[in-house]
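Colleague: I would like to learn how to read this model feature by feature. Can you walk me through it?

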Amino acid sequence: AVVSTQSTGGLEKIIHAESLTEFIRNKIEEHKFHVKIKDIVNERVLSVELRSDEGDNMNELFLSQDIRNLNPRLPDDGEAHLVKLTNVSPEGVLSLQINGYGLTSLGELMKELRDHYETNSAKASDYIVDPQQGQICCSSLLVEGERRWYRTVINRNVNDHTVEVTFVDYGTTQTIPKSKLREPAKAVPNISRLPFQAYPVMLADLPTSPSSWTDKEVEKVRGYVADQTLEAEIAAEVEGEAAYPLVRIYMSSVDADEAPKELNKLLSTDRNLFQTRPSPSQTDKLGLQMGSLSFANPTFIDPQDIVLDQGAIPKLSLQRQAEALISHVDTPYSWFFQSREFHEQFRVMGEEMNKFYSQPLDCPEILWKPNNMCVAYCDQYQGWYRARVSQVSPDGKLLQCSMVDYGDVQKIPLSSVRPLTKQFAALPIQACRAALCGVMPVDGTMVWSEEAKKFFSAAVSERMLWVRLVAQDSNSQILWMHIIDTSHAETDIYISNSLVEKGLGMRPPQTS
């Protein structure tokens with residue numbers, strides 16, 4: 001067939017039609033193709049697929065020129081899509097490249113930039129003499145001994161010789177010499193036509209406040225994803241300016257038999273990472289800024305004399321919601337959470353405490369007894385934590401300890417227990433015990449089935465969720481609360497409702 005029209009299958013919703021029509025005309029007009037009929041649109045129009053003698057699918061080629069297909073974006077379709085992680089910022093923003101037409105076009109553009117800038121000698125007019133903030137340009141970097149050219153945006157002039165730029169297809173920011181900057185090559189039209197391929201997102205269930213990630217946390221993310229095949233899915237779209245989509249990222253190793261791991265879950269369950277940070281003024285209240293504690297002459301406290309403040313229990317009024325980290329789960333009627341009020345002080349204390357107790361110490365000998373407060377090294381979490389002794393073995397060599405800032409119970413060898421210092425006793429206990437309201441076991445008792453406990457734990461454990469206070473038991477001090485998952489785009493999910501819908505719980509009887 002000799003093609004003399006631009007009506008091809010799959011191109012019903014093309015934008016920037018004028019430039020695309022010209023592209024199509026140049027590719028197919030008066031050329032021969034193999035035609036496969038895809039659909040009969042009406043009596044006069046067929047929807048067809050065109051293939052060249054070499055087997056090239058022309059429809060795919062034309063679709064790759066649609067600017068919408070070139071724009072990096074994760075479809076909100078409930079499916080995970082292949083991505084590349086190119087940068088992690090201290091603000092918790094991840095830059096992804098989405099597998100598709102845009103990324104393929106970027107690879108072609110990089111080759112065109114290299115061929116142009118390396119083949120043609122730079123003229124005086126090619127250099128950028130007076131860099132301006134927001135100016136789009138090209139710059140070179142040496143990568144593995146090879147000079148590569150990238151599209152960049154100038155952020156600011158650092159000094160007379162250097163500028164800070166962002167590599168817009170990767171999301172990385174660097175300071176480079178001004179001599180590395182070039183005007184965009186007019187001979188490479190895709191420099192201005194191809195949308196920037198760095199797609200900024202944030203991880204669902206982790207802190208998203210500015211400057212919320214430490215260097216350690218950034219490196220932890222990079223370490224997890226190294227040499228992994230990544231897929232990402234939209235968890236929630238966030239409205240407003242400068243808001244980023246919340247995503248979940250799944251990692252597949254080279255071992256095909258190993259199930260993909262969820263990056264979000266790995267990070268959110270690490271006790272030493274990703275605690276939400278409030279303002280510095282809150283940190284100052286207890287004088288626990290990083291590096292401010294001095295332990296030249298530590299003051300160990302007699303365990304009998306320690307009574308930690310329970311002040312971490314949030315000051316919630318009835319039916320008011322607050323954000324909280326669910327730190328440990330036993331059953332729907334017994335779980336623990338940490339309020340956001342002391343998270344920054346708690347994070348700093350944890351780092352200082354691990355630093356202090358990891359060094360040789362001249363500690364007094366203690367005959368540990370139940371209810372004594374201590375600091376215990378937990379092998380499971382590889383760190384030192386405040387704890388309360390609940391049981392002591394007959395030979396005194398093994399202690400059962402409640403981790404007061406999390407709520408779980410651990411068995412700790414005597415050799416891994418230390419007395420608490422005055423400085424580390426200042427912060428109130430962080431774990432608040434609560435019970436889920438609005439639901440009860442299906443058999444009408446107070447005993448939850450293993451299936452119900454497993455479902456509840458999977459739904460809330462180590463996640464930042466919203467809680468709402470309904471009542472407080474004056475005797476046990478247990479807080480009866482709703483847990484609300486707000487990460488779903490369409491509606492908020494009450495965990496009590498989920499238990500009922502799964503047939504794992506029922507509504508309590510109404511009382512008069």
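Modeller: Start with Ile 37, which sits in strand S1. Helices (H or I, at least four residues) and strands (E, at least two) are DSSP runs, numbered from the N terminus. This is a predicted model, where local features need pLDDT of at least 70, side-chain atom pairs count only at pLDDT 80 or more, and totals for chains, interfaces and linings use all residues. Residues are numbered from 1 along each chain as its sequence is written, and side-chain values use heavy atoms, with hydrogens and water left out.

Colleague: Is Ile 37 buried or exposed?

Modeller: Buried means under 20% relative accessible area, exposed over 50%, and partly exposed in between (1.4 Å probe, protein chains only). Ile 37 has a relative accessible area of 53% and is exposed.

Colleague: Which residues make the nonpolar surface patch?

Modeller: Patches are made of residues with over 30% relative accessible area and no salt bridge; like charges are joined within 9 Å, nonpolar side chains (Val, Leu, Ile, Met, Phe, Trp, Tyr) within 5 Å. Accessible areas come from the Shrake-Rupley method with a 1.4 Å probe, and for residues only the protein chains shown count as cover. Here Val 35, Ile 37, Ile 40 and Leu 46 make a nonpolar patch of about 380 Å². S1 gives the most to this patch, with 3 residues.

Colleague: Which residues form the negative patch?

Modeller: Lys and Arg count as positive and Asp and Glu as negative; His and the chain ends are not counted. A charge is placed at NZ of Lys, CZ of Arg, CG of Asp or CD of Glu. Asp 76, Asp 77, Glu 79 and Glu 490 form the negative patch. Glu 490 lies in the loop between strand S23 (479-485) and strand S24 (493-494). Glu 490 is exposed, at 82% relative accessible area.

Colleague: How many salt bridges are there?

Modeller: Side chains of opposite charge can pair when their charged atoms come close. The rule for a salt bridge is a side-chain nitrogen of Lys or Arg within 4 Å of a carboxyl oxygen of Asp or Glu. The count by this rule is 15 salt bridges. One of them joins Glu 49 and Lys 38 (4.0 Å, N to O). That pair links distant parts of the chain, with Glu 49 in strand S2 (residues 46-51) and Lys 38 in strand S1, 11 residues apart. Glu 49 is buried at 15% relative accessibility, while Lys 38 is partly exposed at 49%.

Colleague: What does Glu 118 meet in a salt bridge?

Modeller: Its partner is Arg 147, at 3.9 Å, N to O. Glu 118 is in helix H4 (residues 101-119) and Arg 147 in strand S6 (residues 146-157), so the pair ties together parts 29 residues apart in sequence. Arg 156 and Glu 164 form another salt bridge, with their closest N and O atoms 3.5 Å apart. Salt bridges with shared partners also join Arg 114, Asp 115, Glu 146 and Arg 148 into one network.

Colleague: Where does Glu 30 lie?

Modeller: Glu 30 lies in the loop between helix H1 (17-28) and strand S1 (34-40). Glu 30 is not a glycine, yet has a positive phi of about 65 degrees.
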